[in-house]
Structure formats: C-alpha cells, structure tokens
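Have a look at the sequence and the fold first.

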Amino acid sequence: MEAQASIYADDIEFFHDQGGLMTSKTDIIEATKKNICGKVTRELISGSVEVYPINNYGAVQIGYHKFYNNQEPDAESVASKFIAVWHLDNGNWKMTRVISLH
C-alpha cells in the first residue's frame, strides 16, 4: 500500500464508472485495502498498454486489465479499460487522474 500511495499525487482524482469520483488519496488507499487486497487479482492484458507524452506535463497511459475474484475462481473476468494521467515533476512520476471503466 505504501508503494501505491507513493505514486498517487496529493490532488489525485479517481473516476470509477460504478463508484463515482474520489478525490481523497487516503480514501482511495482505504477503498483499495477494503475492496481489492486479498479479494481480487489484477492482470494486465499483455500488449494493451499505450502511452502518449503530454508536452510540459507528463504522459497519458491507456490499457486493459482483468480482475479475478479470489473467492470465486471459476467466475468469468471481463477485460476493462483504464486511463491514467501521469505528471512528471522534478524527476518524479505521480498519477494525477485515473479513469476506471468496467
């Protein structure tokens, strides 16, 4: 969780198509602990990630991933899209915006 928190900007905006908008870094980390850790496994879809530079800011990352429910190993997992905006500040990359679509 510390590694994840370290890549989120303090002013992060996390848009989730089902859960709505979250703007508190602390709340996002707590929601991850509650809903993700030990419950699902995330798999990045190989070859799906695209990264585009944003001049004088950083980059945008677009890709697909799947989440597998650890309590229901036979449940089907459907690929979903994610978009992340990264800011490069003094050599440090921070995620400033996330859009998670299921």
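Lys33 is partly exposed, at a relative accessible area of 41%. Its side chain forms a salt bridge with Glu30, and the closest N and O atoms are 3.4 Å apart. Glu30 is partly exposed too, with a relative accessible area of 41%. Both residues belong to helix α2 and are 3 residues apart, so about one helical turn separates them. Keep in mind that this is a predicted model.

Thr32 also sits in helix α2, which covers residues 25-35. Thr32 counts as buried, because its relative accessibility is 12% and the cut-off for buried is under 20%. Setting aside residues up to four places away in sequence, Thr32 touches Met1, Gln4 and Cys37.

How many salt bridges turn up in a search of the whole structure? The search finds 3. One of them joins the side chains of Lys25 and Asp10, at 3.4 Å from N to O. Lys25 is in helix α2 and Asp10 in strand β1 (residues 8-16), so this pair ties together parts that are 15 residues apart in sequence. Asp10 is exposed, with 67% relative accessible area.

Arg97 and Glu13 make another salt bridge through their side chains, at 3.1 Å from N to O. Here Arg97 comes from strand β7 and Glu13 from strand β1, so the parts tied together are 84 residues apart in sequence. Arg97 counts as partly exposed at 27% relative accessibility, and Glu13 counts as partly exposed at 25%.

## Around β7

Met95 is another residue of strand β7. Is Met95 buried or exposed? With a relative accessible area of 11%, Met95 is buried. Leaving out neighbours within four places in sequence, its contacts are Ile7, Tyr8, Ala9, Ile12, Ala84, Val85 and Trp86.

Leu101 is partly exposed, at 33% relative accessible area. Together with Phe15, Leu21 and Ile99, Leu101 forms a nonpolar surface patch with about 310 Å² of accessible area.

Ser48 is in the loop between β3 (40-44) and β4 (50-54), yet it counts as buried at 14% relative accessibility. A polar atom of the Ser48 side chain lies 2.8 Å from the backbone oxygen of Ile45. Apart from residues up to four places away in sequence, Ser48 touches Ile62, Gly63 and Tyr64.

Strand β5 (residues 58-69) runs antiparallel to β4, and 5 bridges join the two. Within this pairing, Glu50 stands opposite Ile62 in β5.

## Two asparagines with positive phi

The hairpin of β4 and β5 has 3 residues between the strands, and Asn56 in that hairpin takes a positive phi near 60°. Asn56 does this although it is not a glycine. Asn56 counts as exposed, at 74% relative accessibility.

Where is Asn90 found? Asn90 is in the loop between β6 (80-89) and β7. Its phi is near 55°, again a positive value in a residue other than glycine. Asn90 is exposed, with a relative accessible area of 75%.

How values were computed. Residues numbered from 1 in each chain as written. Predicted model: local features only at pLDDT ≥ 70, side-chain atom pairs only at ≥ 80, totals over all residues. Heavy atoms only, no water. Helix = DSSP H or I, 4+ residues; strand = E, 2+ residues; numbered from the N terminus. Buried < 20%, exposed > 50% of the residue type's maximum accessible area, 1.4 Å probe, protein only. Polar contact = N/O pair within 3.5 Å; in protein donor to acceptor, adjacent residues only side chain to side chain. Contact = heavy atoms within 4.5 Å. Pairing = 2+ DSSP bridges. Patch = residues over 30% accessible without salt bridge, like charges linked within 9 Å, V, L, I, M, F, W, Y side chains within 5 Å. Areas by Shrake-Rupley, 256 points an atom, 1.4 Å probe, with all protein chains shown as cover. Salt bridge = Lys/Arg side-chain N within 4 Å of Asp/Glu carboxyl O.
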